[in-house]
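Here is a friendly walk through one structure, with an eye on its aromatic rings. Please have a look at it first.

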Amino acid sequence: GGGTTSTTPSPTPAPTPVPVCITDATIECTTSLGGDCQDLESASVDDCRDGQELVDLSYRVTVTNIGPVEMDVQTLEFTFEDDGVQDLLLGFSAAQLNLQTGELLEAFVAKTVDLCAEEVTFTATAFTDASPPGGDQCQDTDEFVIDLDPVGPIPTPNPTPSPTPGPTPEP
C-alpha cells in the first residue's frame, strides 16, 4: 500500500503597499472689476448698449499634493471654451514639479471675455496628473463655470398695442 501525502500551501507574501498618490486641482477666478468671477453673473446689462463689455479674467490654477507620499506633477492643462488646451507646466523645473505632502504648484492664466456676447457661459477646466515614485498615477479635474444671464441685442422699445376686448358670447 501507498500512503497519501498532503502539501500545505505556503502563505502568499503580503503585497508591498503601493504608494498612494492623491492630487487636488482647483481653479479660482477673479476679474479686472475687482471681484470673484461669480459676481459677473449679476452684472448690469446697461453697459451692453455700447455693444460690448470686455472684462479681464484671471484664473489661478493650483495642484496640491493631498496624499501621504511625494509626487511628480506630469500634466497640468487648462482649457477655456474653444481656445484649445494650454500646457501650464512650461517654464517649471523638475524640482518645482516634485511636490511633497501639502505642497502646491500654481499657475495663472489671463482671459478676456465680452459680457455682452451671445455666448454667456464661460467654462474653464483644469486637468492634472501626477505620479509618486514607483506608484500608480493619480489625476484630478476642476471646472469653473461663469453663467451669465443672456443679454443679446438690446431691444428697441415698441409701444405694445393693448388687446381690444372681443364680443362676450351670450350664454
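## Two buried rings

Phe78 is buried, with a relative accessible area of 0% (buried means under 20%, exposed over 50%, partly exposed in between, with a 1.4 Å probe and protein chains only). Tyr59 and Phe80 form a tilted aromatic pair, 5.8 Å centre to centre with 55 degrees between the planes. Rings of Phe, Tyr and Trp (its six-membered ring) pair if their centres lie within 6.5 Å; planes under 30 degrees apart count as stacked, over 60 as edge-to-face and the rest as tilted.

This pair links distant parts of the chain, with Tyr59 in strand β2 and Phe80 in strand β3, 21 residues apart. Both Tyr59 and Phe80 are buried, and Tyr59 has a relative accessible area of 0%.

## The ring cluster

How many aromatic pairs does the rule give? The count comes to four. One of them is Tyr59 with Phe78, tilted, at 5.3 Å centre to centre and 55 degrees between the planes. Ring pairs join Tyr59, Phe78, Phe80, Phe122 and Phe144 into a cluster.

## The whole chain

The protein chain has one helix and eight strands, in the order β-β-β-β-α-β-β-β-β. Helices (H or I, at least four residues) and strands (E, at least two) are DSSP runs, numbered from the N terminus. Of its 171 residues, 30% count as buried.

## About the model

This is a predicted model, where local features need pLDDT of at least 70, side-chain atom pairs count only at pLDDT 80 or more, and totals for chains, interfaces and linings use all residues. Residues are numbered from 1 along each chain as its sequence is written, and side-chain values use heavy atoms, leaving out hydrogens and water.
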